[in-house]
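Q: I am new to this structure. Please show me how to read its features one at a time.

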Amino acid sequence: MTKKFSIRDYTLFFAIVGIWAFFAVMNPSYLGSRNLSMLTIEISTTAVAALGVLLIIVCGHIDLAIGSGIGLFGGIAAVLTTQYGLPAPVAMTIALLAAVAIWTAMGTLIVKERVPAFIVTLGGLLIFKGLFWNVIDTSTVPIVQGGKENLYSILTTQYLSPTASYVLTAFVVVALGYASMRARASRKLHNFQLEDVEVAFYKFFITAICLFIATTVLIEYRGIPLSAIILGVIAVGIYVLTQHLKFGRYLYAIGGNEEAAHISGVPVAKVTIGAFAIAGLLVGVTGLLQTSYAGSSTSSVGDLMELDAIAACVIGGVSLKGGKGTVMGVLAGSLIMASLLNGMTLMSVDPATKFIARGVVLTLAVWMDVRMNKS
Amino acid sequence: MKQDVVLHAENITKTFPGVKALSEVSFDLVKGEVHALCGENGAGKSTLIKTLSGIWTHGSYEGSFYVDGEEAKFQGINDAEAAGIAVIYQELALVNDMTVAENIYLGHEPTKGGLIDWNKMYMDASELLRRFNIAIDPTLRVGDIGVGKQQLVEIVKALRKESHILILDEPTAALTEHEVDILIDMLRELKTRGIACIYISHKLDEVFTISDRITVLRDGKTIQTMDTAKTTQTQVIKCMVGREIDNLFPRRQGTLGESLLEVSDLSVKGPEDSIDLEGISFSVRRGEVLGLGGLMGAGRTEVLMHIMGAYGTRLSGTVALHGAPYSGKDPKAAIDAGMVLVSEDRKRFGLVIEQSNNFNFSLSSIDSVCKFLGLVDVNKEFRRNEVITKQLRVKAHSLEVVTGTLSGGNQQKVVLGKALLSEPEIIFLDEPTRGIDVGAKLEVYELINRLTDEGKAVIIVSSELPELMGMSDRIIMLSEGRLGGEFTKDQFNQEALISAAIGQ
């Protein structure tokens, strides 16, 4: 049995093309190499945060504290580096450990004491925001001292050389092709629904071409940004975690039906707390990326990023009821959110309109999804 | 009699992509009769009901049907209701937090000057209940009155609309024997008022108690319509499955081995508003089927859930496995120790309904198909789960099929498969045949035989005494959280079991 090509499966793809076309018409430099480089870095931060919240939403909870966490952990690393003179790698490690510890604590409170995640993370949003402003003393803390680059600053200023960029892209394309062929063989063996060979090939072909074009454009500026590689590694990690590890199975089981999962022997508490711990790590990483991109830690870093992350998940098809959602969906959702924000910034849209646009897109996306699922 | 036909269906054919769900089905319903509709899952009962009640709109099926002599061309449920047809589904559509009267008038509240006229609502409701001889206080919260009475409220709610054709889909699936009696009394009352009922049930005892005629469907076709008085259960079952079934409960006793599970003097405090257990002791041996009986609310499910580590706190008593004390605290520990529970509520405690069969099969046993670091060996997993699909004869195109789209019997098989894949020694089966058809029931019974042949121990909970007596080697009855009595095979007798259940 093969699956027919359906436009429905490619809604997100067409949405992205539409958004890009719109902004390119409004301002041709949108698709210029410099802006696409910026956009790549912005996608990286949004997507890393969204992948963290994916884990939390899939197991049936919600995380509103991401934005404040991003500010706080970026701030901790900045203060430790420039005010306490710690080497950047040490400062960053401390910030990440703090992130994991705090998110693990929130997860524990939610699972063991049964305080709803909405409340715990809403409290977290306020508390971490306050802590953050205390840590940076409501001022601007640079991430480098005396203009010298460090590991913290190169997160968003380092690029791969042209050759390395092409080699990396070629490697990714080959790996994708190999993985999809293996998956296809396995599906065929077990009588699963198969995608039409032609559709599968064209999909692979178009993906490959897009990747090479993107690489070429990025090289025109400085090359593939380091942050994109960080995102790639994390995305592959979360993909393996959710699709190929026991942990992932349990995550979807808990989100889909917690009582059935419990009776079936799933260690609900351990897995949920684990999901929060990993999400915490990703919030920490996003904090470092975002602060590095801003160049310094200021009190507005991370503002409302929890909503962008949640919106990216929802647009990407993650069910807020839990039990459903994929890494690919979240990446597409992040691409849409980041493309929109970047485009509006480029057009110097005023902040008020930006808020409204973000809200409209989120509501529209969910509404369309509900409508399409009905018919 | 012809002029009294209230509903007449002629050659109804309903086709879904790839399946003919109904094929030239003809059926008629006479004023004041209870007409039972029997057939296995997938025989076309639900499709027929959905056609008659307007869910499948006019034009989406071939053939026609007439209500009170006029051709029905329903464009939706509202048209069917207007024509006097009311359907009561297995899953009740009541709001637990509202009162009985509020539920009866939900969506049709009497108003005065734009505000709800509460007095009129409660007066009308008590009048309506009195008319049907139902002793329920309309001011009570529906959540507080018990499933049996809720069913009656649902019927009253349907009849409020002056319906004269009532369709009941598995109305007794969740009722105790006593509640079933009350329902049957009510149906008799309705008959005298000339209301015609279509009654769907897997429980043939009830069908024979209440119905006047029986129509059997199989594979979307009408096989036969019989006068209840002139037929037998064996005859009906033969029509349903299309072959002779000589033994409804094919229990094959095996050789008993050593004691596997021993529960002594167990007392458990349940969560608030739930059942406490007191002084419960029993044991089960290798190769044995222990029946666990009692009325609903006697604590049958709770005992099993407590042993699994998912119910209440223990006040006293011990559980021993293989002769050694067992002190596991959660279901994971119980499953690791070789126990497994197949819950009576498969949607709530059994399945992740939106996931695939493969996912659900592996839920309790993913460890045995993992390589290093919890990495799932997908091919090994698929191969293993394909074997269990074949063994249990789960009807599904592939392992990828979403479990929620399967029929009840097939879903139950997936839950059983999930349990068996954890390689248990002791299997708790809580109402394993609820809501599944005769053919699937027999397969469950055969499975029980196979398990005990392999030297495993089975504890089966069942509300249906014939099943309990037919499949158990020994029975213990619970009554209000206590032990009501223990019976060996030669002591099985319906009256004795019932008196033990009501604590006499």
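A: Take a single residue to begin with. Contact means heavy atoms within 4.5 Å. With neighbours within four places in sequence left aside, N103(B) is in contact with L94(B), V95(B), M98(B), V142(B) and K157(B). This is a predicted model, in which local features need pLDDT of at least 70 and side-chain atom pairs count only at pLDDT 80 or more, while totals for chains, interfaces and linings use all residues. Residues are numbered from 1 along each chain as its sequence is written, chains are lettered from A and ligands numbered from 1 in the order in which they are written, and side-chain values use heavy atoms, without hydrogens and water.

Q: In which helix does N103(B) lie, and is N103(B) buried or exposed?

A: Helices (H or I, at least four residues) and strands (E, at least two) are DSSP runs, numbered from the N terminus. N103(B) lies in helix α3 of chain B, residues 100-104. Buried means under 20% relative accessible area, exposed over 50%, and partly exposed in between, with a 1.4 Å probe and protein chains only. N103(B) has a relative accessible area of 0%, so N103(B) is buried.

Q: Where is S201(B) found, and with which residues is S201(B) in contact?

A: S201(B) is found in the chain B loop between β10 (196-200) and α7 (204-210). Its relative accessibility is 4%, so S201(B) counts as buried. Beyond neighbours within four places in sequence, the contacts of S201(B) include L37(B), C38(B), E170(B) and T172(B). S201(B) and C38(B) are 163 residues apart along the chain, yet their C-alpha atoms are separated by 6.7 Å.

Q: How many residues has the largest nonpolar core?

A: In soluble globular proteins, nonpolar side chains tend to be buried together. A nonpolar core is a set of buried Ala, Val, Leu, Ile, Met, Phe, Trp, Tyr and Cys residues joined through side-chain atoms within 4.5 Å. Here the largest has 101 residues, and L51(A), L54(A), W103(A), Y152(A) and I238(A) have the most contacts inside it. Helix α2 of chain A (residues 33-58) gives the most to this core, 14 residues. Another core, of 80 residues, lies apart from it and includes L321(B), V444(B), Y445(B) and I476(B).

Q: Which residues make the nonpolar surface patch?

A: A patch is made of residues with over 30% relative accessible area and no salt bridge; nonpolar side chains (Val, Leu, Ile, Met, Phe, Trp, Tyr) are joined within 5 Å, like charges within 9 Å. The patch here, of about 870 Å², is made by F13(A), F14(A), V17(A), F201(A), Y202(A), F205(A), I206(A), I209(A) and I213(A). The elements giving two or more residues to it are α1 (11-26) and α8 (197-221) of chain A, and α8(A) has the largest share, six residues. F14(A) lies in helix α1 of chain A and counts as partly exposed because its relative accessibility is 43%.

Q: How many salt bridges are there between chain A and chain B?

A: A salt bridge is a side-chain nitrogen of Lys or Arg within 4 Å of a carboxyl oxygen of Asp or Glu. The count between chain A and chain B is five. One of the salt bridges in the model joins D367(B) and K246(A), with the closest N and O atoms 2.6 Å apart. The contact takes 28 residues from chain A and 40 residues from chain B.

Conventions
Accessible areas come from the Shrake-Rupley method with a 1.4 Å probe; for residues, only the protein chains shown count as cover.
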